[in-house]
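Dear colleague,

Please find below the structure that I am handing over to you.

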Amino acid sequence: MPPKPTTLIFLGFLLLLLLTLCHAHPDCPKTSPLVNLESEFKMLQHQLRGSIKILDDCSFKVSNFDMLSGSDVHWWGAVAPDFNNLTAGFVVSDQILNQTYKSASFTVRLRDNVTWDQIQVLAVWDLPTSSDFGHIVLRDVINRSSDLAPSPSPASDSGNVSSQAHTEPTMLVNCKSLSDSFRIRWTLRPENVIDIGLEAATGSTNYMAFGWATPKATKQFMLGADVAVAGFDEVGMPFVNDFYITKYSECTQYKDGSVKGVCPDTMYQGSAPNGLVNNTKLVYGHRRDAVSFIRYQRPLESADQKYDVVVNHTEKMVAIWALGPIRPPDTLQPYYLPQNHGGPQDVAYGYLQLNVSEHVDDCYGPIDAQDKEDQHLIIADAKAPLVVTSGQAVHYPDPPNPSKVLYINKKEAPVLRVERGVPVTFSIQAGHDVALYITSDPLGGNATLRNTSETIYAGGPESQGVQASPKELVWAPDRNTPDLVYYQSLYDQKMGYKVQVVDGGLPDMYNNSVILDDQQVTLFWTLAHDSISIAVRGEKKSGFLAIGFGRGMVNSYAYVGWIDNIGKGRVNTYWIDGKDASSVHPTYENLTYVRCRSENGIITFEFTRPLKPSCGKSNKPECKNIIDPTTPLKVIWAMGATWSDDHLSDQNMHFVTSSRPIRVLLMRGSAEAEQDLQPVLAVHGFMMFLAWAIVLPGGVLAARYLKHVKGDGWYRIHVYLQYSGLAIVLLALLFAVAELRGFFFGSLHVKFGTTAIFLVCMQPVNAYLRPKRPNNGVHVSSKRLMWEYLHVIGGRSAIVVGFGALFTGLRHLGDRYGGENVGGLNWALIVWFLICAVIVIYLEYCERQRRRDRSVGRSNWVLGNLEEDDSVDLLSPNGIHSEKESRTSGRMEVQLEPLNR
């Protein structure tokens with residue numbers, strides 16, 4: 001008869017259980033002297049507890065293992081427990097410990113190339129942060145003191161008291177959960193002593209109280225109770241005191257010297273030697289991961305019969321507990337005094353029946369505090385510098401650590417919180433061997449030395465100073481700064497700690513902002529050298545928020561932010577060439593630092609993009625989405641109910657949109673509504689056309705083609721036209737600068753215009769520096785010849801560049817106001833340019849014809865013919881012809897005709 005399926009399942013389960021519980025690897029020898037060694041982990045972080053037993057040369061068993069999860073946690077080996085050796089350690093097993101462990105037991109196998117001889121310290125290690133969660137020093141196990149080891153009470157009759165020896169102060173035999181955040185651990189010790197460990201996820205300024213009610217009480221168990229109150233002082237040192245409760249109030253001392261309330265025993269009857277009054281003895285205390293743990297001892301039966309309750313370890317007694325704020329000592333009260341717990345029963349206080357001789361362990365897994373960051377917090381202020389010094393490590397939050405760490409404002413390695421957009425000033429006084437820097441690397445100490453990359457946000461080798469000569473470092477985190485960075489020393493690892501970078505509000509994070517059309521969307525931006533960071537915030541609830549670059553939704557580049565079905569913020573880019581859903585085409589722009597969030601239905605999204613996409617020769621639509629900071633950016637917006645990453649339909653269309661584009665002046669930091677050409681800019685364009693297309697070319701043509709006219713008329717026309725054109729150019733320039741409120745060199749039009757204005761302004765300077773013209777018949781000097789070339793070439797170059805400025809100006813105008821406004825002007829300028837070219841060609845033809853005729857006439861000169869000089873002193877009223885006439889008017893010329901043979 002075949003076995004039943006349930007039987008097969010049961011057998012398979014048993015086989016799996018046997019394989020899991022198998023302690024030693026069958027092929028592994030037991031030659032190491034550490035075989036069968038047992039020890040417990042020293043808790044350092046992540047509430048790690050547990051014990052190990054070495055099974056053989058290649059495996060060990062872990063029992064009762066508690067640990068909060070980490071990021072990349074491994075079993076780690078080192079030769080010594082100091083900072084340098086631990087950080088230089090190595091992974092000893094392939095097992096990864098990234099999950100949370102709750103009272104777990106399992107077997108771990110070492111890597112094939114690892115032996116126990118190589119391991120002096122076995123640790124639980126987080127690789128990214130080089131953090132030691134807990135470790136065991138194997139060679140010290142034998143020499144470890146057993147003073148804390150429990151043993152059965154001499155008077156124990158139950159036989160349930162464990163004889164297990166615990167060597168770590170965090171490990172006790174019994175554990176009882178008093179609430180979700182409070183536990184009591186205890187171990188009965190010989191000689192009438194009980195060790196008690198109080199463990200709670202509570203604030204560092206709160207107390208933990210535990211004790212016994214008087215056996216006579218049937219209700220109001222707090223009155224007459226004997227309790228121990230434990231906590232941490234201002235510098236993080238643990239304390240515990242013996243208290244007696246006479247009243248439900250804070251301890252008060254009256255004028256007659258009487259004391260009532262929750263008061264230390266010593267306030268009732270004064271201090272006494274040998275702990276006869278305060279009979280609690282502090283054993284150990286720490287705060288890890290926002291969980292307080294304090295271990296203390298007290299006698300079961302005290303000599304103080306009045307204010308101490310006798311604990312009968314063989315019977316159930318009423319135990320009381322509480323959590324609450326504590327008042328530190330002052331000039332009137334030298335004690336830490338508990339305040340009213342102020343919470344509901346079984347959360348802030350409670351009662352229970354407890355027999356300390358019975359073995360109890362209902363603490364499943366570690367206590368997990370909601371906010372595990374328990375280090376000092378310093379919030380940076382833009383007006384007050386942060387003083388950075390160095391000092392001895394006492395409570396460094398992320399062991400292991402060097403002996404010297406950084407202090408900020410006299411606090412050891414605090415968490416520093418800064419706001420984006422708010423500058424932070426550091427006054428560095430940590431010594432010349434400590435160079436402060438802000439880095440993405442959690443270890444610091446120059447990550448390149450470990451062949452690891454890091455991003456440095458501020459500081460470096462020069463950021464070092466002493467108290468007598470501090471060094472000032474200013475760091476301004478921006479919207480691209482990650483939420484978590486680190487302040488560290490450039491020369492040593494793990495001297496600093498975390499920097500929390502929070503949003504300080506969009507106005508603080510961005511340099512400029514404008515409200516778009518209809519006052520329902522705000523646009524923020526910050527310009528960089530080759531990129532722009534943009535944030536968009538809606539002012540009303542919506543399912544998605546979109547902005548577009550263009551005169552309307554059609555033919556625009558759109559950016560849409562929304563929250564998807566799993567609550568994740570998304571930002572996508574699109575090219576829109578129509579008015580229906582099928583006309584919305586996804587693009588793939590290079591967006592970085594993308595964020596999108598929704599607060600009460602108000603959507604805000606952010607991104608950074610390059611000003612000019614790096615597409616190469618690609619013809620994709622997004623490659624044409626270029627942002628010119630000197631050109632107004634036309635922005636529109638829309639909101640809708642829902643958006644999808646794909647399969648868009650008409651249901652995804654907007655329910656409200658802007659009524660008109662807004663032209664955003666990126667470099668000025670302002671905006672203006674879309675409108676027709678402004679009169680001032682129209683006057684600027686007309687004056688520039690008048691100067692560069694009519695007046696200045698007319699002056700050049702006069703100097704070139706009117707020299708044959710008697711007198712100095714050509715010269716006067718040339719000079720008057722050139723100076724008039726220069727005046728018109730400068731006046732038109734002032735109009736444009738005044739209207740645009742600035743002078744920016746980014747656009748091609750401004751570059752052409754600036755070059756042309758420079759060349760035309762150099763012409764009067766060139767004329768002023770001209771060398772004198774030589775007398776007739778004297779050889780022209782090289783300086784004069786060079787001047788003539790510079791004057792002619794410079795003038796003509798100015799005209800050519802000026803025409804380029806006219807064409808680029810019309811293109812700039814088209815980008816600003818749309819092609820339909822300037823298309824006709826472009827054609828008109830082209831036609832004018834062609835007309836001017838025809839005129840120049842005709843005048844050049846006439847000039848060459850005139851010179852040929854004059855050359856033929858010269859062949860008739862035989863005697864008395866003066867050599868005619870075509871060179872001209874362009875800016876002198878005494879032209880060559882007038883000078884010739886003055887020289888020849890006083891004599892008669894005789895022309896001799898050659899005889900015909």
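Two strands count as paired if DSSP finds at least two bridges between them; strands (E, at least two residues) and helices (H or I, at least four residues) are DSSP runs, numbered from the N terminus. The model is a predicted one, in which local features need pLDDT of at least 70 and side-chain atom pairs count only at pLDDT 80 or more, while totals for chains, interfaces and linings use all residues. Residues are numbered from 1 along each chain as its sequence is written, and side-chain values use heavy atoms, with hydrogens and water left out.

Strand S39 and its neighbours

Across the pairing with S40, Ile-563 has Gly-569 as its bridge partner. The hairpin of S39 and S40 has five residues between the strands, and Gly-567 takes a positive phi near 85 degrees there. Strand S38 (residues 544–549) is also antiparallel to S39, joined to it by six bridges, with Ile-547 opposite Tyr-559 of S39. These two strands form a hairpin with six residues between them, and Gly-550 in the turn has a positive phi of about 160 degrees. S39 (residues 556–563) is largely enclosed by the rest of the structure, because seven of its eight residues are buried. Buried means under 20% relative accessible area, exposed over 50%, and partly exposed in between (1.4 Å probe, protein chains only).

The chain as a whole

The protein chain contains 10 helices and 47 strands. Of its 901 residues, 47% are buried. Its accessible surface comes to about 45600 Å², and 56% of this belongs to carbon and sulfur atoms; the areas come from the Shrake-Rupley method with a 1.4 Å probe, and for residues only the protein chains shown count as cover.

An open four-stranded sheet

An open sheet has the strand order S1-S3-S4-S7, with antiparallel pairing. Its edge strands are S1 (38–40) and S7 (101–109), each of which pairs on one side only. Strand S4 (residues 59–67) pairs with S7 over six bridges, and Phe-65 stands opposite Ala-104 in S7.

Salt bridges

A salt bridge is a side-chain nitrogen of Lys or Arg within 4 Å of a carboxyl oxygen of Asp or Glu. By this rule the count is 27.

- Arg-298 and Asp-226 form a salt bridge with their closest N and O atoms 3.1 Å apart. The pair links strand S20 (residues 291–299), which holds Arg-298, to strand S14 (residues 226–232), which holds Asp-226, 72 residues apart. Both Arg-298 and Asp-226 are buried.
- Glu-250 and Arg-327 form a salt bridge at 2.8 Å between the closest N and O atoms. Glu-250 lies in the loop between strand S15 (238–245) and strand S16 (252–253), and Arg-327 in strand S21 (residues 317–327), so the pair ties together parts 77 residues apart in sequence. Glu-250 is partly exposed at 25% relative accessibility, and Arg-327 is partly exposed at 29%.
- Asp-503 and Arg-597 form a salt bridge whose closest N and O atoms are 4.0 Å apart. Asp-503 is in the loop between strand S34 (497–502) and helix H4 (506–509), and Arg-597 is in strand S42, 94 residues away in the chain. Salt bridges that share partners join Arg-420, Arg-479, Asp-483, Asp-503, Arg-595, Arg-597, Glu-599 and Glu-606 into one network.

Tyr-593 is not a glycine, yet has a positive phi of about 50 degrees; its place is in strand S42 (residues 592–599). Asn-600, likewise not a glycine, has a positive phi of about 55 degrees and is found in the loop between S42 and strand S43 (602–610). At 68% relative accessibility, Asn-600 counts as exposed. The peptide bond from Pro-399 to Pro-400 is cis, with omega near 0 degrees, and Pro-400 is found in the loop between strand S25 (386–392) and strand S26 (404–408).

With kind regards
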